[in-house]
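Here is a short briefing on one protein model. Please keep the sequence and the 3D view open as you read.

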Amino acid sequence: MTLIRYGHRGQAVRQLQKQLNLAGAELYVDGHFGDATEAAVRAYQRRVGLVADGIAGPKTLATLNGAGSQHMLNHSMLQAGAQRLDVELAAVYAVNEVESRGQGFLGNGKPVILFERHIMHRQLRTPRSDEDDAAALQVHADELAALHPNLVNPRPGGYAGGTAEHQRLANARLLDDTAALESASWGAFQIMGFHWQRLGYASVQAFVAEMEAGENQQFDAFARFIETDPALLKALRAKRWATFAKLYNGPAYQRNLYDVKLERAYQRHAQEQAA
């Protein structure tokens, strides 16, 4: 994923500066991404309605090259999210920067997903009503695991990545549509489908339809995810980044320095918004 940001130097920065000048900026084209270039990126992002983080990522570069931004996450959505969650806008910007994949859609227009075969196995053996026989569901799940181990398996794995994940999902849907959709993570924020009821959607199919509609809808699901988890929301409001990162990412947060990245991103956005 292409990210051109503060401190970068080189031909990619020169090209970015030229494009920003064509869009109305007045930069000296020197190939150095400094304060002036960052300010110009933020100004351009605000003008076209993108998240104004000062980072020239794929969406910013795409709009500079003429792409529409109607399906892209916008600044006003993050503002509304901050008000809804009662947290600082800079904190929401930081979480969006660090915890999202940067893009909620693949090049073919389909949402980013990752199909989890071990979740499929779990969902298949989980009773959905008082009439369901748990023992029979277990047998059914195990039978499917024997026949389709890449789609139903007590162990995680089998990942194909990118667009190939949609083929895995399509094959799993032939076995059980609801369980398959519940067993994938969706969009820029990787929200698992099985959370649909907690998040207030009418069905997992309704949840997926929203994830397919645009990045603003994906962010809305993320906001619902935070506001329905009191501990996560409390950590975000207090900007306790280690606690937030552990709750959102699991124990591996330390190895990936998510808490450090969140703190640094928050400080940068807070400074910019205070200026």
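Of the 275 residues of the protein chain, 45% count as buried. Buried means under 20% relative accessible area, exposed means over 50%, and partly exposed is in between (1.4 Å probe, protein chains only). This is a predicted model, in which local features need pLDDT of at least 70, side-chain atom pairs count only at pLDDT 80 or more, and totals for chains, interfaces and linings use all residues. Residues are numbered from 1 along each chain as its sequence is written, and side-chain values use heavy atoms, with hydrogens and water left out.

**Confidence**

- The mean pLDDT of the protein chain is 92, where pLDDT is the predictor's confidence in each residue, from 0 to 100.
- A pLDDT of 70 or more is reached by 98% of the residues.
- Confidence is highest in helix α9 (residues 177-182), with a mean of 98.
- Helix α3 (residues 58-64) has the lowest confidence, with a mean of 87.
- Where pLDDT is low, the predicted coordinates should not be read in detail.

**Overall build**

- The protein chain holds 14 helices and three strands. Helices (H or I, at least four residues) and strands (E, at least two) are DSSP runs, numbered from the N terminus.
- Along the principal axes, the C-alpha atoms fill a box of roughly 70 × 40 × 35 Å.
- Among contacts with a separation of 6 or more, 57% join residues 24 or more positions apart. Contact means heavy atoms within 4.5 Å.

**Surface and charge**

- The accessible surface of the protein chain is about 13500 Å², and 50% of it belongs to carbon and sulfur atoms. Accessible areas come from the Shrake-Rupley method with a 1.4 Å probe; for residues, only the protein chains shown count as cover.
- There are 29 positive and 29 negative side chains. Lys and Arg count as positive and Asp and Glu as negative, while His and the chain ends are not counted.
- The centres of the two charge sets lie 7 Å apart. Each charge is placed at NZ of Lys, CZ of Arg, CG of Asp or CD of Glu.

**Two residues with positive phi**

- Most residues other than glycine have a negative phi.
- Asp86 is not a glycine, yet its phi is positive, at about 60°. Asp86 sits in the loop between α4 (75-85) and α5 (89-99). Asp86 counts as exposed because its relative accessibility is 57%.
- Leu257, also a residue other than glycine, has a positive phi near 60°. Look for Leu257 in the loop between α13 (241-249) and α14 (258-274). Its relative accessibility is 45%, so Leu257 counts as partly exposed.

**Buried residues**

- Leu262 belongs to helix α14. Its relative accessibility is 0%, so Leu262 counts as buried.
- Not counting residues up to four places away in sequence, Leu262 touches Ala94, Val95, Val98, Glu99, Trp241, Phe244 and Ala245.
- Gly157 lies in the loop between α7 (134-147) and α8 (164-175). Gly157 is buried because its relative accessible area is 12%.
- Apart from neighbours within four places in sequence, Gly157 is in contact with Arg117 and Arg168. Gly157 and Arg117 are 40 residues apart in sequence, and their C-alpha atoms are 7.0 Å apart.

**Residues with more accessible area**

- Gln197 is in the loop between β3 (191-192) and α10 (204-213). Gln197 counts as exposed, at 60% relative accessibility.
- The C-alpha atoms of Gln197 and Val95 are separated by 23 Å, and the two residues are 102 apart along the chain.
- Glu210 is part of helix α10. At 32% relative accessibility, Glu210 counts as partly exposed.
- Glu210 touches Tyr201 and Gln217, leaving out residues up to four places away in sequence.
- Glu210 and Gly158 are 52 residues apart in sequence and 26 Å apart in space, C-alpha to C-alpha.
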